[in-house]
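This report goes through a structural model, starting with its confidence scores and ending with single residues.

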Protein chains: 2
Amino acid sequence: MENELLRYISQFPALTEEEITEIADNIPVQTFKKGTILLKEGDTADICFFVLKGCVRQYHLVDDEEKTTAFFTEEQAVVSFASYSQQLPSKHYWSCVEDSVLVVGSLNYEQEMYQKFPKLAAITRALMEQDFGKTQSALVAFMSSSPEERYRKLLTDRPDLFGRAPQHQIASYLGVTPESLSRIRKRIFVKK
Amino acid sequence: MENELLRYISQFPALTEEEITEIADNIPVQTFKKGTILLKEGDTADICFFVLKGCVRQYHLVDDEEKTTAFFTEEQAVVSFASYSQQLPSKHYWSCVEDSVLVVGSLNYEQEMYQKFPKLAAITRALMEQDFGKTQSALVAFMSSSPEERYRKLLTDRPDLFGRAPQHQIASYLGVTPESLSRIRKRIFVKK
């Protein structure tokens with residue numbers, strides 16, 4: 001997995017080859033089994049993750065039912081800023097949908113790394129702005145779309161998810177019951 | 001309005017009094033009349049704003065109807081990172097719901113300010129993380145709530161909005177028709 005990490009870090013032209021190797025050597029990478037709970041509702045997360053390989057699901061309980069609110073896959077950051085930066089109790093769980101290889105970040109170590117590699121602060125800031133933009137877009141998209149539109153968008157943007165996560169979790173993520181999702185699918189495939 | 005700006009900047013203990021005055025002197029503040037369009041769909045925004053006083057609405061057109069997706073009020077940043085940081089065309093409009101006094105930020109000037117006041121980069125990063133956390137929470141909340149729950153939350157979190165923005169814009173923001181919003185209100189006030 002060090003290769004994935006090296007490849008990812010190599011894309012930043014601000015870094016010299018030496019820095020790339022050194023940074024990769026200093027970043028903790030861990031493998032987690034499918035089903036591992038990385039964070040629990042109510043815990044204060046001083047850690048965050050970055051997916052090198054695998055899939056992490058975010059969910060919380062509503063009347064004992066799991067409501068899925070995110071799937072994180074390759075090259076996505078798994079961070080809950082309210083919990084990570086502001087140290088508020090987490091409002092959700094993170095659980096591995098597959099065996100997953102993740103970069104494990106922590107608040108203290110992040111600061112240490114910025115001291116050691118000052119360029120990293122600017123790089124992660126740019127990445128955060130990119131991620132923030134995506135979350136803003138996701139919010140706007142969710143606010144202004146129907147479940148069928150959301151399903152079509154997911155099918156286009158992240159088709160792999162359908163093979164990786166169980167149907168009922170995807171239905172929950174789209175804001176519909178598994179039965180409604182089946183109906184939407186039928187409707188779309190009949191139209192085709 | 002310089003007072004509002006000074007008061008806001010003064011809350012950061014990392015800054016000396018001298019820095020606070022100097023930064024406030026160097027930040028451009030502008031007044032915009034109610035109805036001013038600050039950004040149009042399709043434009044690439046190299047500017048962003050911060051509300052010192054007033055209210056800015058974010059919306060886009062769906063079949064010629066305005067779909068409201070955000071209201072920004074005092075001490076909120078008005079930034080669309082996909083457009084600002086990645087220079088993609090904006091997917092929405094920003095328009096002043098009231099006469100508004102705004103800090104006007106631009107990409108180049110931001111970098112210039114960081115060079116002049118290096119502490120500012122860390123401060124704005126922390127603010128961005130806070131904001132990012134709120135956007136993440138808003139997405140999760142929107143995904144897992146009914147229009148009635150959203151209405152109740154808005155009533156608790158931002159009661160002022162109801163006196164500041166027209167009813168139909170608030171209905172759009174909550175994802176319901178103005179008629180449904182009236183029904184929800186009646187239901188709630190009868191229950192009380």
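The text below covers confidence, symmetry, the contact between the chains, the cores and selected residues.

**Model and confidence**

This is a predicted model, in which local features need pLDDT of at least 70, side-chain atom pairs count only at pLDDT 80 or more, and totals for chains, interfaces and linings use all residues. Residues are numbered from 1 along each chain as its sequence is written, while chains are lettered from A and ligands numbered from 1 in the order in which they are written. The model scores ipTM 0.90 and pTM 0.91. The predictor's confidence in each residue is pLDDT, on a scale from 0 to 100. Chain A has an average pLDDT of 92, and 98% of the residues score at least 70. Among the elements of chain A, helix α1 (residues 2-10) has the lowest mean pLDDT (84), and strand β7 (residues 93-96) has the highest (97). Helices (H or I, at least four residues) and strands (E, at least two) are DSSP runs, numbered from the N terminus.

**Symmetry and the contact between the chains**

Two copies of a chain are related by a rotation about an axis and a shift along it. Here chain B is superposed on chain A by a rotation of 180 degrees with 0.0 Å of shift along the axis, at an RMSD of 0.0 Å. The two copies are thus related as by a two-fold rotation axis. The superposition is by least squares on the C-alpha atoms of residues with pLDDT of at least 70 in both copies. B:L139 is the residue of chain B that comes closest to the rotation axis, at 2.6 Å (C-alpha).

Residues count as in contact if their C-beta atoms, placed from the backbone, lie within 7 Å. The contact takes 26 residues from chain B and 26 residues from chain A. On the side of chain B that touches chain A, β5 (65-72), α3 (81-84) and α5 of chain B are the elements that give two or more residues. The largest share of that side, 14 residues, comes from α5(B). By class, the side of chain B has 10 nonpolar, 12 polar and 4 charged residues. In this count Ala, Val, Leu, Ile, Met, Phe, Trp, Tyr, Cys and Pro are nonpolar, Asp, Glu, Lys and Arg are charged, and the others, Gly among them, are polar. Because 100% of the interface residues of chain B are also interface residues in chain A, the copies meet through the same surface.

**Helix α5**

Helix α5 of chain B (residues 119-143) has 25 residues and should span 36 Å at 1.5 Å a residue; its end C-alpha atoms are 37 Å apart, which agrees. The expected span is 1.5 Å times one less than the number of residues. A residue is buried if 20 or more other C-beta atoms, placed from the backbone, lie within 10 Å of its own, exposed if 12 or fewer, and partly exposed in between. The buried residues of α5(B) include B:F132, B:Q136 and B:M143. Their cover includes β5 (65-72), α3 (81-84) and α5 (119-143) of chain A. In helix α5 of chain A lies A:Q130, which touches B:S85 and B:Q86, not counting residues up to four places away in sequence.

**Nonpolar cores**

A nonpolar core is a set of buried Ala, Val, Leu, Ile, Met, Phe, Trp, Tyr and Cys residues joined through C-beta atoms within 7 Å. The largest has 62 residues, and those with the most contacts inside it are A:V56, A:V78, B:V56 and B:V78. A second, separate core of 6 residues includes A:L139, A:V140, B:L139 and B:M143.

**Selected residues**

| Residue | C-beta atoms within 10 Å | Class |
|---|---|---|
| B:L102 | 25 | buried |
| B:E75 | 14 | partly exposed |
| A:Q130 | 14 | partly exposed |
| B:D63 | 5 | exposed |

B:L102 is in strand β8 (residues 100-106) of chain B. Leaving aside neighbours within four places in sequence, the contacts of B:L102 include B:Q30, B:F32 and B:F49.

B:D63 sits in the loop between β4 (56-62) and β5 of chain B, and its phi is near 50 degrees, a positive value in a residue other than glycine. B:E75, in the loop between β5 and β6 (77-78) of chain B, is not a glycine but has a positive phi of about 65 degrees.

Definitions and conventions
Two residues are in contact if their C-beta atoms, placed from the backbone, lie within 7 Å.
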